[in-house]
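Please keep the sequence and the model side by side while reading this report.

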Amino acid sequence: MDNNELVQRAANACEDKRAMDIVALDMKDVSLMADYFLICHGSNERQVQAISRAIKESMEEIDVSIKRLEGYEQARWILVDLGDVVCHIFHKDERSYYNLERLWGDASKIELNIGQNW
């Protein structure tokens, strides 16, 4: 599975837990740390944790290992590192504060095919 497909699969896992405003950024020309960022948010800590668990479980189904998972306990900003794909799951308040889409404004958005089986 290539990185674009991983982003799509992770986005679908987010959608399954009713994540809001799911955005994927192509970081290849902008950053050395990842090829893609997936950004979304939940309305409360429990939902933010559920979204990160859904991504983790979705990746485990296809034997993709999670390199790192940070921020789970506080559930204000959880980072799920899949290697070349990094998922940022925010609490709604933190998302507007950090505004990664603006911070990485040079990165182009990629179209997500949410609702498809990956």
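The model is predicted, so local features need pLDDT of at least 70 and side-chain atom pairs count only at pLDDT 80 or more, while totals for chains, interfaces and linings use all residues. Residues are numbered from 1 along each chain as its sequence is written, and side-chain values use heavy atoms, with hydrogens and water left out.

**Helix α1**

Helices (H or I, at least four residues) and strands (E, at least two) are DSSP runs, numbered from the N terminus. Helix α1 covers residues 3–16, and its 14 residues reach 20 Å from the first C-alpha to the last, close to the 20 Å expected at 1.5 Å a residue; the expected span is 1.5 Å times one less than the number of residues. At the start of α1, a side-chain oxygen of D2 comes to within 3.1 Å of the backbone nitrogen of N4, and after the helix comes R18, whose phi is positive, near 60°. Among the buried residues of α1 are L6, V7, A10 and C14, where buried means under 20% relative accessible area, exposed over 50%, and partly exposed in between (1.4 Å probe, protein chains only). The elements that cover the buried residues of α1 include β1 (20–26), β2, α2 (45–61), β5 (85–91) and β6 (108–110).

**The core**

A nonpolar core is a set of buried Ala, Val, Leu, Ile, Met, Phe, Trp, Tyr and Cys residues joined through side-chain atoms within 4.5 Å. The largest one has 27 residues, of which V7, C14, I22, L38, I55, C87 and I89 touch the most other members. Each of α1, β1, β2, α2, β4 and β5 supplies at least two residues of this core, and the largest share, six residues, comes from α1.

Contact here means heavy atoms within 4.5 Å. H41 lies in strand β2 (residues 36–42) and is buried, with a relative accessible area of 14%. Not counting residues up to four places away in sequence, H41 touches A19, M20, D21, I51, F90, H91, K92 and R95. The side chains of H41 and R95 are also joined by a polar contact of 3.0 Å, a term for a pair of N or O atoms within 3.5 Å, of which, within protein, one must be able to donate a hydrogen and the other to accept it, and residues adjacent in sequence count only if both atoms are side-chain atoms.

A75 is found in the loop between β3 (68–70) and β4 (77–81), and is buried, with a relative accessible area of 0%. Leaving aside neighbours within four places in sequence, A75 is in contact with E45, V48, Q49 and H91.

**Salt bridges**

A salt bridge is a side-chain nitrogen of Lys or Arg within 4 Å of a carboxyl oxygen of Asp or Glu. The whole structure holds nine of them, including these pairs.

| Pair | N to O distance |
|---|---|
| K56 and E60 | 2.7 Å |
| R76 and D93 | 3.7 Å |
| E101 and R95 | 2.3 Å |

K56 and E60 both lie in helix α2, four residues apart, about one turn of the helix. An α-helix has 3.6 residues a turn, so residues three or four places apart point the same way. R76 is partly exposed at 26% relative accessible area, and D93 is partly exposed at 43%, whereas E101 and R95 are both buried. E45, R76, D93 and E94 are linked in a network of salt bridges.
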